[in-house]
Amino acid sequence: KQEDAEQTYLKAIALGKKNQLTDVELYAYSNLSSLYIDERKWNKVYEFAMKAVKLGKQTGDQGIQATSLSRAAYSLVNNGKPDSALLLSDKALSLADSAGQPLTIYQAYSGKAEILKMQGTWKDAIRFYEKSFLAVKGGDIYTPDYGERYKELSECYEKTGNYPKALEA
């Protein structure tokens, strides 16, 4: 099924380019970067996320820019480039805050938190996980990754010795 999805997105990109449908192309790039995260194809995540960033900038879509920068940052940390990942992540946070979209803010802040957790900076990661959940609090927005993010937050609390908060998360 992943291959079918990949081929569909690649066809959408070709049609988008041919018919000058920038939004079709933009969202296909974004969806491909997400698909490649699931497959752990970090170079492709980065490539297609950055294409989405470029088109997002052209169309003025700060939300997709922020989300795509966050994905690109995640790919960089998984490719052993933590400093570059943090720089992109900071850009994602700035754009997400400017966009003012709760889900985008959640994604950018939890993305930075994941990067910090992977680097073993638990206390800093906690701050970003908490901000990510605060962004969607009361917003009736739920994504499949919430459980995983709470688990990661719990692990960070545990690593810092805050066992009551670890259990709560």
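**Close-up views of a predicted model**

**View 1. The buried side of helix α7.** Ala-125, Ile-126, Phe-128, Tyr-129, Ser-132, Phe-133 and Val-136 are the buried residues of α7. This is a predicted model, so bear that in mind as you look around. Look at what sits over those buried α7 residues: the cover includes α5 (82–99), α6 and α8 (146–159). As for spacing, an α-helix has 3.6 residues a turn, so residues three or four places apart point the same way.

**View 2. Helix α7 from end to end.** Helix α7 takes in residues 122–136, 15 residues in total. At 1.5 Å a residue it should span 21 Å, and its end C-alpha atoms are 22 Å apart, which agrees. After α7 comes Gly-138, with a positive phi near 75°.

**View 3. Thr-104 in helix α6.** Thr-104 belongs to helix α6, which covers residues 102–118. Is Thr-104 buried or exposed? Thr-104 has a relative accessible area of 7%, and because the cut-off for buried is under 20%, Thr-104 counts as buried. Leaving aside residues up to four places away in sequence, Thr-104 touches Gly-63, Ala-66, Thr-67 and Ala-96.

**View 4. The largest pocket.** This pocket has a volume of about 470 Å³. It is lined by 18 residues, and Ile-37, Arg-71, Glu-114, Asp-145 and Arg-149 are the closest to its centre. The elements giving two or more residues to the lining are α2 (22–39), α4 (62–78) and α6. Helix α6 supplies the largest share, six residues. Sorted by class, the lining has five nonpolar, seven polar and six charged residues.

Terms used:
Residues are numbered from 1 along each chain as its sequence is written. This is a predicted model: local features need pLDDT of at least 70, side-chain atom pairs count only at pLDDT 80 or more; totals for chains, interfaces and linings use all residues. Side-chain values use heavy atoms; hydrogens and water are left out. Helices (H or I, at least four residues) and strands (E, at least two) are DSSP runs, numbered from the N terminus. Buried means under 20% relative accessible area, exposed over 50%, partly exposed in between (1.4 Å probe, protein chains only). Contact means heavy atoms within 4.5 Å. On a 1 Å grid over the protein atoms alone, a cavity is a set of points where a 1.4 Å probe fits but cannot get out, and a pocket is an open set with protein on both sides within 12 Å along at least five of seven lines; lining residues have an atom within 4 Å of a point. Grid points are joined across faces, edges and corners, and a volume is the space filled by probe spheres set on the points. Ala, Val, Leu, Ile, Met, Phe, Trp, Tyr, Cys and Pro count as nonpolar, Asp, Glu, Lys and Arg as charged, and the others, Gly among them, as polar. The expected span of a helix is 1.5 Å times one less than its number of residues.
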